[in-house]
Amino acid sequence: MPGAADAQWTKPKRFDRNLVVIGAGSAGLVSAYIAAAAKAKVTLVEANKMGGDCLNFGCVPSKALIKSAKVAHQMRHADRYGLEAVEPKVPFSAVMERVHKVIAEIEPHDSVERYTGLGVEVLQGYAKLVDPWTVEIALSGGGTQRLTTRAIVIATGAQPFVPPIPGLADVGYLTSDTLWERLRDRPEVPRRLVVLGGGPIGCELAQSFARLGSQVAQIEMAPRVMMREDPDAAGFVEASLKADGVQVLTGHKAVACGTDGDDKWIEVEHDGGRDRIVFDEIIVAVGRAPRLKGFGLEELGIKVDRVVETNEYLQTLYPNILAAGDVAGPYQFTHVAGHQAWFAAINALFGDLKRFKADYSVIPWATFTDPEVARVGLSETEAKENNIPYEVTRFGIDDLDRAIADSSAHGFVKVLTVPGKDKILGVTIVGEHAGDLLAEFVFAMKHGHGLGKILGTIHIYPTLAEANKMVAGQWRRAHINGFLLSLLERFQTWRRG
Ligand SMILES: Cc1cc2nc3c(=O)[nH]c(=O)nc-3n(C[C@H](O)[C@H](O)[C@H](O)COP(=O)(O)OP(=O)(O)OC[C@H]3O[C@@H](n4cnc5c(N)ncnc54)[C@H](O)[C@@H]3O)c2cc1C
Ligand SMILES: NC(=O)c1ccc[n+]([C@@H]2O[C@H](COP(=O)([O-])OP(=O)(O)OC[C@H]3O[C@@H](n4cnc5c(N)ncnc54)[C@H](O)[C@@H]3O)[C@@H](O)[C@H]2O)c1
């Protein structure tokens, strides 16, 4: 695809920069860091907040909120640990203050000062592509600056998608972009909360707000929450949401919003009928749309269907303009944005000498509900849909000593392997710290190790990580050679004389 598209433009004879990176979220920060480490002259441009969505509106605040909600949950269920259960008082503004304190504490990692110190020039402003080698920046402090550059990395991220539901804009809604500021000074949690969407954002937020005291109705049009995961994994999350008091309305499509006196309502379609749910606040979490418009992609003829169209080297139509992170897809995770950034930066700087294909062979992720759901590689549903032969080994975490001691004995480790072999095709873990437990399998898959290697590795007793060894042991027991066993039995009989 990359090729002669730049022929219609006049290429500058010399360049101000080796690289200009647009957007200082996870993808942009890492791209700029790598370029600076490779001694390139690099400028990083950010229109809003350094750190992008992950730090300011995404991973960091959501995980901080999840922690407060979990403590509230544990207080409420303290009797499970032999303590007196108490209904927690929730001064919500203090919870939100903690969320903002957590952001502030992590902020220096992504700050202008840190990146300047690393050798990156940081400009605060809105960047626009003028031609394939020129970026114009409307500086936040006023004025504009034009830079010519050999290469450009587009790392403009994504933003909440707001569906065109009649009346939604009029009743007012929150998204992950706005809720952290808009709810900041509230003394109490929203009393009646609707969460629209049953994906990772919807599930993490619905559970957190329910645990902090909101009456939550979660609306999902698909037949179940967490559609990307296997039904058995999603089922655990749904049961847990319900146990926390969330009214989980799967198979419900939101069709209209409005007001009735002081009450706001949303109308949902279900089984051919319609229901109304009254609420005080609604959080819209039905997906995130890449930021593609308004900064020159269209003018340059770069295709933007759902994401910026790139090849396997992350190059656009113009080989010197690359994209990474949510704007490039196909995944929307901070660690994938960082992973792509290495390929984008290296291919941007050295692509005419040597290029590297972005490697998506082993991509892990986790949803931080309680229980967490973590996955790498194939799910069982995907294996079936794609007719990929597989065997399943499943270890129930309800049987794990440490989980029993912690009163968190629920969930499972499910491993898909090549039939008759210990080669791992995919792993789903549901349970406490599933995201951390998965790391061993990610490493194994990345480096071609099978379940045998995991079984042969010492795991500390008693830890949750032993679940990984247990599942490997289970696989081994199911694959013992019967002929060898009978030989062994005869050998032992013979030895007894
Ligand atoms: C509530 C929530 C929870 C999440 N939790 C997790 C999680 O637990 N784990 C995980 O891996 N991922 C999580 N994510 C996803 C994660 O936040 C994103 O995948 C990640 O932030 C993508 O990084 P990025 O660099 O591609 O984009 P962004 O972080 O969106 O950064 C893009 C930046 O570009 C800037 N920009 C855009 N256009 C211009 C322009 N023309 N000029 C200058 N600057 C511009 C924007 O202001 C923005 O700061 C979560 C997301 C949300 C919303
Ligand atoms: N822990 C994590 O890593 C984490 C956490 C949050 C977000 N993220 C990232 O952010 C992305 C976006 O998350 P998300 O949860 O917003 O999106 P999503 O696309 O994963 O889920 C949105 C859900 O909303 C439903 N939906 C859409 N329109 C609807 C309507 N009108 N009525 C009812 N339901 C409707 C969809 O069926 C879908 O299940 C994720 O895909 C993920 O990559 C990651």
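1. Helices (H or I, at least four residues) and strands (E, at least two) are DSSP runs, numbered from the N terminus.

2. This is a predicted model: local features need pLDDT of at least 70, side-chain atom pairs count only at pLDDT 80 or more, and totals for chains, interfaces and linings use all residues. Residues are numbered from 1 along each chain as its sequence is written, while chains are lettered from A and ligands numbered from 1 in the order in which they are written.

3. Which residues of α4 are buried? They are Phe92, Val95, Met96 and Val99. Seen down the axis of α4, they fall within an arc of 95 degrees, so they line one face of the helix. The arc is taken over the directions from the helix axis to the C-beta atoms. An α-helix has 3.6 residues a turn, so residues three or four places apart point the same way. The buried residues of α4 pack against α3 (59–76) and α7 (179–182); contact means C-beta atoms, placed from the backbone, within 7 Å.

4. Strand β19 (residues 412–417) has six of its six residues buried, so it is largely enclosed by the rest of the structure. Phe412, Lys414 and Leu416 point one way; Val413, Val415 and Thr417 point the other way.

5. β19 has antiparallel pairing with β18 (residues 391–396) over six bridges, and with β20 (residues 424–431) over six bridges. Strands pair if DSSP finds at least two bridges between them. Glu391 has Thr417 of β19 as its bridge partner; Val415 has Val427 of β20. β19 and β20 form a hairpin with six residues between them, and Gly420 in the turn has a positive phi of about 80 degrees.

6. An open sheet of three strands runs β10-β11-β12, with antiparallel pairing. Its edge strands are β10 (253–260) and β12 (273–279), each pairing on one side only. β11 (residues 263–270) and β12 share seven bridges. Lys264 has Phe279 in β12 as its bridge partner.

7. An unreviewed UniProt entry places "domain: FAD/NAD(P)-binding" at residues 18–341. That span is 31% helix and 27% strand. UniProt, again from an unreviewed entry, puts "domain: Pyridine nucleotide-disulphide oxidoreductase dimerisation" at residues 363–469. Such annotations may be inferred rather than shown by experiment.

Note on methods: Buried ≥ 20, exposed ≤ 12 C-beta atoms within 10 Å, placed from the backbone. Contact = placed C-beta atoms within 7 Å.
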